[in-house]
Amino acid sequence: MAKALPYHTIHEIFSRFRAAEAEPKGELHHVNAYTLVVAVALSAQATDAGVNRATAELFKIADTPQKMLDLGLEKVTEHIKTIGLYRNKAKNVIKLSQILVDDYGGEVPSSRAALQSLPGVGRKTANVVLNMWWGMPAQAVDTHIFRVGNRTLIAPGKDVDAVERAVEDNVPAEFQQHAHHWLILHGRYICVARKPKCGACLIRDLCVYEDKMPDPLPGKAPQ
């Protein structure tokens with residue numbers, strides 16, 4: 001496995017990310033810890049924008065586990081039918097809501113193990129909730145972070161668990177809280193999969209990716 005970038009290079013990369021956007025935010029709409037859990041669970045194999053459209057009305061009427069249970073499986077399914085794997089996801093939303101009511105007094109637990117015990121909640125979802133709601137510097141590695149981590153050698157790893165550890169090990173502590181958001185946004189909008197927008201990249205001079213895209217023609221903005 002390739003070796004990560006030197007400390008000072010990684011520090012400079014995240015200094016630039018911070019200068020460009022000091023407080024990056026997740027793009028999933030939510031109103032409390034419960035709706036955040038549901039939104040992140042629904043986002044698997046779906047876009048944040050698609051989840052936001054599907055939950056806009058749902059969260060107005062069901063923003064607690066009990067309200068979701070009262071709404072029922074059929075109506076939950078109807079609300080999220082535009083999302084991939086919606087039938088199974090609706091079942092998981094009902095199941096996790098029941099567990100939260102029965103075992104946690106309707107509150108979302110704040111440990112990774114307890115979160116991961118909920119149907120449809122994996123490590124990535126748990127880390128997003130821990131980071132965004134409780135301020136824990138947990139690193140939720142998705143396809144964007146996996147790609148950026150390996151392309152740039154900020155956090156190389158053969159699988160998502162290895163990349164998660166690499167982010168925790170290599171990114172200086174002062175940037176840990178927002179590291180996964182900076183990396184996700186960079187991968188979603190700049191370091192995209194097929195044609196990375198290298199001409200618009202803040203860290204191009206620090207990136208070791210060998211297949212950088214050429215700069216756009218003079219006067220032409222990158223697409």
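This is a predicted model: local features need pLDDT of at least 70, side-chain atom pairs count only at pLDDT 80 or more; totals for chains, interfaces and linings use all residues.
Residues are numbered from 1 along each chain as its sequence is written, and side-chain values use heavy atoms, with hydrogens and water left out. Over residues 217-223 the pLDDT is below 50. Beyond near neighbours in sequence, this stretch has four contacts in the model (contact means heavy atoms within 4.5 Å).

Helix 11 (residues 176-189) meets helix 1 (residues 7-20). Helices (H or I, at least four residues) are DSSP runs, numbered from the N terminus. The two axes come within 11 Å and cross at roughly 80°. Axes are lines fitted to C-alpha atoms, for helices over the stretch in contact, and angles run from 0 to 180 degrees between N-to-C directions. Helix 1 and helix 11 are therefore roughly perpendicular (65 to 115 degrees). Helix 1 contributes F14, F17 and R18, and helix 11 contributes A179, W182, L183 and H186. This contact has five nonpolar residues, one polar and one charged. Ala, Val, Leu, Ile, Met, Phe, Trp, Tyr, Cys and Pro count as nonpolar, Asp, Glu, Lys and Arg as charged, and the others, Gly among them, as polar.

Helix 9 (143-152) also packs on helix 11. Their axes come within 8 Å and cross at roughly 90°. That makes helix 9 roughly perpendicular to helix 11. H144, I145, R147 and V148 of helix 9 meet H180, L183, I184, H186, G187 and R188 of helix 11. By class, four residues are nonpolar, four polar and two charged.

The largest pocket has a volume of about 460 Å³. On a 1 Å grid over the protein atoms alone, a pocket is an open set with protein on both sides within 12 Å along at least five of seven lines, and a cavity is a set of points where a 1.4 Å probe fits but cannot get out; lining residues have an atom within 4 Å of a point. The pocket is lined by 26 residues, with S43, D48, D142, I184 and R188 nearest its centre. Helix 11 gives the most to this lining, with six residues.

The structure holds one cavity of 30 Å³ or more. About 100 Å³ of space lies in the largest cavity. Its lining has 14 residues, and H186, C191, C198, C201 and C207 are the closest to its centre.

Methods
Helices (H or I, at least four residues) and strands (E, at least two) are DSSP runs, numbered from the N terminus. Angles under 35 degrees count as roughly parallel, over 145 as roughly antiparallel, 65 to 115 as roughly perpendicular and the rest as oblique. pLDDT is the predictor's confidence in each residue, from 0 to 100. Grid points are joined across faces, edges and corners, and a volume is the space filled by probe spheres set on the points.
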